[in-house]
Amino acid sequence: MRRDRALSRAASCVGGVVVLLAFGGCVQGENYKKPDLAVPAGWDAMGIGKDQAGAPMATGRLPEARWWREFQNEELNGLIEQALERNHDVRRAASRVLEGRAALMAAGAGLYPQVNVQSQYSRIEISKNTLAGLGLASGRAAPQTFATPGTGFNLWNAAADLSWELDLWGRIRRGMEAASAEAGALEQDHRAVALALISDLGQAYFRLRELDEQVAIADKNLAVRKDSLGIIQSRASVGLASELDVKRAEVLVAESAAQIPEFQRLRAVELHRIEVLTGATPGSLSLPSKPLRTVAAQPEIPVGLPSQLLERRPDILQAERTLIAANARIGEARAYFFPALSITGQGGLQSVEFSNWFNGNSRTYSIGPAVTLPIFLGGTNVARLDQAEARYEQMLETYQQTILNAFREVADQLVSIRSRTEQRDRQREQVKASETALELAQIRYREGMVNYLDVLEAERSLLAAETQLVQTERARLTDMVTLFKALGGGWDSAPQAQPMPSPFRPPSASPPLGG
């Protein structure tokens with residue numbers, strides 16, 4: 001009974017000390033404050049908000065979560081969905097997110113008591129050439145300390161060990177804050193990898209369809225030039241055309257035929273790239289030929305406001321979370337300068353007789369606080385703090401530079417799309433004019449009013465105009481993909497339960513710690 005009352009009093013005293021010290025503790029370091037940033041009010045302030053006709057270039061809405069559906073191409077949608085599921089880079093990034101979450105859990109384990117249970121049996125023989133109580137004199141008390149020299153006995157022991165460090169100065173909590181921010185940075189890295197994958201896949205798909213149209217143009221020109229060659233050969237047979245005209249027509253036929261294998265080679269290269277991006281084995285993907293202008297719509301430009309860019313771009317959010325982690329590490333480093341208070345204890349059953357091992361009289365315990373005060377560590381704590389502060393400054397500069405690069409990328413793409421749109425419109429007019437010029441040249445040649453050089457020049461002008469138009473249309477589409485990437489893609493409005501982390505979830509903000 002006395003032992004029970006003593007144990008109860010000891011537990012009460014320790015509990016009171018824990019409560020008092022816990023409430024009296026103070027978290028070291030300052031809570032994170034978002035740096036002041038100069039953000040333009042709108043894209044008009046950067047001189048890129050309207051086209052040359054004065055009409056707005058972009059809508060104020062934000063991109064949808066599945067922003068690639070804006071191109072209205074089911075084949076592309078399927079490829080992207082397959083890539084997000086099977087691409088190895090995305091899967092590796094998702095595994096890093098799980099690793100970060102596990103690190104966060106490990107960082108918070110120090111807030112809780114650490115309890116271990118052990119059981120042990122020992123056979124002890126005491127030397128005849130020793131003195132009873134020698135262990136007390138040397139500071140190493142043990143059951144055999146009080147045994148008579150030359151005796152032997154068994155020792156049965158079952159005990160539970162307790163160790164608990166009280167986080168008075170917030171070292172563990174700041175570590176948790178840093179780990180949480182680092183886990184958030186890994187989530188944003190996952191989004192960045194997925195966003196880059198979608199962008200690369202979209203660009204590769206549009207390049208492949210551009211090559212399909214280049215092949216179609218080359219086939220059409222080859223057929224036209226073969227027809228022209230047949231006409232010229234017929235005219236030459238009756239003396240209405242020279243042998244030189246025939247040879248020139250043969251050169252054009254060979255020129256058109258030689259272009260097709262090169263286009264087909266480039267198409268195969270792009271197809272292989274798409275297979276790698278989608279995680280497909282080589283040769284397993286089949287994409288029938290389709291002209292570029294038949295596979296994609298021209299979407300609007302949903303850019304939103306410049307300030308929203310800071311809340312969407314994964315590289316900006318990743319840089320900010322790294323900055324938050326660096327700020328928390330400063331508080332963690334400061335906490336090492338203060339005393340560490342821990343509570344350790346052990347309790348269990350100990351007996352020299354197995355039959356009495358689980359007897360109430362075999363109970364044993366010890367519990368009490370321990371304080372560790374750093375006096376001299378060779379400058380370790382000072383160096384740790386200097387390192388944390390220097391890293392914070394680095395991350396701050398990285399964060400600000402990332403924001404500047406983000407605004408520049410969006411501005412560049414808006415200017416590029418505006419220029420491509422105007423260029424495309426002028427080239428469409430050029431193609432129509434070249435078609436009319438070719439028809440007139442062919443009619444005048446048949447009537448003998450011009451030589452075949454005029455027809456040659458008209459054909460070359462039309463081929464060049466059609467090729468340039470296809471290249472511009474593809475460039476505008478790839479610029480649109482790059483713009484969506486520069487805007488940070490899109491997010492779901494609400495998180496969805498998935499076994500692997502989704503790259504389209506909004507980040508969860510960690511509340512600041514109190515002082």
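**Figure 1. Overall fold of the predicted chain.** Along the sequence the pattern reads α-α-α-β-α-β-α-α-α-α-β-β-α-α. That amounts to 10 helices and 4 strands; helices (H or I, at least four residues) and strands (E, at least two) are DSSP runs, numbered from the N terminus. The model is predicted: local features need pLDDT of at least 70, side-chain atom pairs count only at pLDDT 80 or more, and totals for chains, interfaces and linings use all residues. Residues are numbered from 1 along each chain as its sequence is written, and side-chain values use heavy atoms, with hydrogens and water left out. Of the 515 residues in the chain, 40% are buried. Buried means under 20% relative accessible area, exposed over 50%, and partly exposed in between (1.4 Å probe, protein chains only). Among contacts (heavy atoms within 4.5 Å) between residues at least 6 apart in sequence, 83% join residues at least 24 apart.

**Figure 2. Helix 5 from end to end.** Helix 5 spans residues 171-237, 67 residues in total. Its first and last C-alpha atoms lie 97 Å apart, close to the 99 Å expected at 1.5 Å a residue. The expected span is 1.5 Å times one less than the number of residues. G239 follows helix 5 and has a positive phi, near 85°.

**Figure 3. Helix 5 against helix 6.** The axes of helix 5 and helix 6 (residues 243-277) come within 8 Å and cross at roughly 165°. Axes are lines fitted to C-alpha atoms, for helices over the stretch in contact; angles run from 0 to 180 degrees between N-to-C directions. The two helices are therefore roughly antiparallel, a term for angles over 145 degrees. The residues of this contact divide into 23 nonpolar, 6 polar and 13 charged.

**Figure 4. T478 in helix 10.** T478 sits in helix 10 (residues 452-486). T478 is buried, at 7% relative accessible area. Leaving aside residues up to four places away in sequence, T478 touches Q203 and F206.

**Figure 5. Q72 in a loop.** Q72 lies between helix 1 (2-24) and helix 2 (74-86). Phi of Q72 is near 55°, a positive value in a residue other than glycine. Q72 is exposed, with a relative accessible area of 62%.

**Figure 6. S355 and W156.** S355 belongs to the loop between strand 3 (340-351) and strand 4 (363-372). S355 is exposed, at 64% relative accessibility. The C-alpha atoms of S355 and W156 are separated by 10.0 Å, with the two residues 199 apart along the chain.

Notes:
Parallel < 35°, antiparallel > 145°, perpendicular 65-115°, else oblique. Nonpolar A, V, L, I, M, F, W, Y, C, P; charged D, E, K, R; others polar.
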